[in-house]
Amino acid sequence: MARVRLVIRLTRMLAIAAWPLAPLVAQQPARESAPMSAEIANVRYEVTFDRATAAERTVRIATVFDVVGSGSEPVLLSLPEWTPGAYELTPFARWVVEFKASNESAASAELKWDKLDFDTWRVQPAGARTIRVSLTYLADTLDNAMAWSRPDFLLLNGTNVFLYPEGRSLSFPARVTVHTDPEWRVVTGMHWEGASAFSATNYHDLVDMPFFVGRFDLDSAQVSGRWVRYATYPRGSVAGPMRLQLWDQIKRVIPPQVAVFGEIPWEHYTVMQIADSAYQGASGLEHGNSHVDVITPLAIGSDFLPSLYAHEIFHAWNVKRLRPADLWPYDYARAQATPWLWVSEGITDYYADLAEVRGGVVDERGFYALTAAKIKEVGETRPVALEDASLNTWIHPADGTQYVYYPKGSLAGLLLDIMIRDASDNKRSLDTVLRELYQTVYKSGRGFTADDWWSAVSRAAAGRSFTDFAARYIDGREAFPWERTLPLAGIRLTRPNEPRLGVYTVQDPNGIQVTRVEVGGAAAEAGVREGDYLLAIGDIAVDDAGFVEKFRSKFGTAASGSPLSLRVRRGTDTLTLAGRLRFAPGDAVLEADPRAPAKAVRIRTGILKGTLSS
Ligand SMILES: [Zn+2]
């Protein structure tokens, strides 16, 4: 998954606020023995979404299957608790507003059923050979892991609605038939069987291939020799030159990603996007041959959108195929926490930046700016170990660290890349590690372990040990060693001095703006107190929209110690306080070091272009 870095948090917080009852600890109580459904076969699903169901914001799902055996044992059918990639528990059974079971071969005689637990239905076949289970599902949640409808459109995730037999293998082939308005379209990553029928070879693939049904824009192009489709809702939301620009960016970011792994894993790939003003931010959810973006219309044309596409598309290799052993295979009934999201998400985000610079969506300076922004974000977040942050995501920690494994994991990827290239004289890189694990571990049909990962990193780095590195920076909370590492890649990090007031406003838990004053800062020295309401610095009003720029341009070149007047309101008084200008190191700035030695230049070029030295 990926989200706009600042807005990311907002969208997640909104999502939590919208589901106050969604149990974050919804694990099933432990049972004496795991329940097992009677065996079923020949499973097929029917999806009905048309103007009539759209009017009530529902979609109808029929699951039809044959009962194997005597038909005396109950069939236990469950819905998932989460959608892989969206690491939070959301019992989708909650949105089932009607459930029916009938004997398909006996004049549709209704069958008895009850609930075994909150996400499992127990159907009594009573001798039926073929059973039809019908669900009505409320499609009213705008989230890329869920189901959402409009009068002319449906986003449907298979995890929400496709029942599976409890305790049985998920390797059964599945067929889906979509019944919809004749003028409406269907797009999904599933294999098209003709007419309105689609197939998947197993349940995991079935629920990894979401659907758009209805009226939306759809076009396609060959990229790296395979078809890529671009589906956008509502119609006209991405049109004209903007559509051409986004297509150009998609065509630029894919080939550098293919180059990392040496092969393309999909027959066709679909970018599925919903732009809706009810959504604040931008969020993508990855799948094996598609991804779904839900964005504010304001994100169209932003620099973030191609970065989001690059991130989600890279996931087709990293996490959908190559993934931690903790997530192999996916278990839809419980949280699958892993300490490795810094690789699956963070390093994916490093490769989103690399795909952008290697494909020419951003230039070298743009890449440094993306990296510097991540350094800033991590610096503003309390120190947390990457492994702990990865494990924590399921509980949405409230300490501000919830999504720090994206930028911090991305930066860990840059560090590893530089260290591997330095140790191997740029003959190998982090690309080498990912390609090797993909070709060996993933292709042998399992997830990677800590030993797989660190052995591959060490091999790429000419046998160097990473035990100390992992202890300090991955399992530990030490600040990253930029001063030592970046020069190896000919990159210079500086923190130019900036005028610093030492006063800022925060929102207290009651939503009231409160002034905080840094001890020993310029404002404190001038006599500003906590609780004062800051009105102006010199002649610049603090509520001026351009305050930061005006402040920097007026005081940025002034001498340290220059007089500074601060106007504050204290109670009913307005005071003018006299202070002195102070400077302090500001945010990190990254740039190419023009005096870097030849080896560092080779490494820098290797990172930016995706090349190795021979
Ligand atoms: Zn992601």
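Which residues of helix H12 (residues 450–460) are buried? The close-up views below start there. This is a predicted model, in which local features need pLDDT of at least 70, side-chain atom pairs count only at pLDDT 80 or more, and totals for chains, interfaces and linings use all residues. Residues are numbered from 1 along each chain as its sequence is written, and side-chain values use heavy atoms, with hydrogens and water left out.

**View 1. Helix H12 and the helices around its buried residues.** The buried residues of H12 are Asp452, Trp453, Trp454, Ala456, Val457, Ser458 and Ala460. Here buried means under 20% relative accessible area, exposed means over 50%, and partly exposed lies in between (1.4 Å probe, protein chains only). Helices (H or I, at least four residues) and strands (E, at least two) are DSSP runs, numbered from the N terminus. Those buried residues pack against helix H7 (341–359), helix H10 (405–423), helix H11 (430–440) and helix H13 (467–474); contact means heavy atoms within 4.5 Å. Just after H12, look for Ala462, which takes a positive phi of about 55°.

**View 2. Helix H5 packed with H11.** Helix H5 (residues 240–261) and H11 pack at an angle of about 65°, and their axes are 7 Å apart. That makes H5 roughly perpendicular to H11. Axes are lines fitted to C-alpha atoms, for helices over the stretch in contact, and angles run from 0 to 180 degrees between N-to-C directions. Angles under 35 degrees count as roughly parallel, over 145 as roughly antiparallel, 65 to 115 as roughly perpendicular and the rest as oblique. From H5, Ala259, Val260 and Phe261 meet Asp431, Leu434, Arg435, Tyr438 and Gln439 of H11. The residues of this contact divide into five nonpolar, one polar and two charged. (Ala, Val, Leu, Ile, Met, Phe, Trp, Tyr, Cys and Pro count as nonpolar, Asp, Glu, Lys and Arg as charged, and the others, Gly among them, as polar.)

**View 3. An open sheet of four strands.** The strand order is E28-E27-E29-E30, with antiparallel pairing. Strand E28 (540–541) and strand E30 (573–580) stand at the edges with a single partner strand each, so one side of each is left without a neighbour in the sheet. Two strands pair if DSSP finds at least two bridges between them. Strand E29 (residues 563–570) is joined to E30 by eight bridges in the antiparallel sense, and Pro563 has Arg580 in E30 as its bridge partner.

**View 4. Trp192 in strand E15 (residues 191–194).** With a relative accessible area of 55%, Trp192 is exposed. Its side chain reaches the backbone oxygen of Ala195 at 2.8 Å. Such a polar contact is a pair of N or O atoms within 3.5 Å; within protein, one must be able to donate a hydrogen and the other to accept it, and residues adjacent in sequence count only if both atoms are side-chain atoms. Not counting residues up to four places away in sequence, Trp192 touches Ala197 and Phe198. Phe198, in strand E16, is also the bridge partner of Val176.

**View 5. Thr130 in strand E9 (residues 130–138).** Thr130 counts as buried, at 14% relative accessibility. A polar contact of 3.1 Å joins its side chain to that of Asp66. Leaving aside neighbours within four places in sequence, the contacts of Thr130 include Arg44, Val64 and Ser102.
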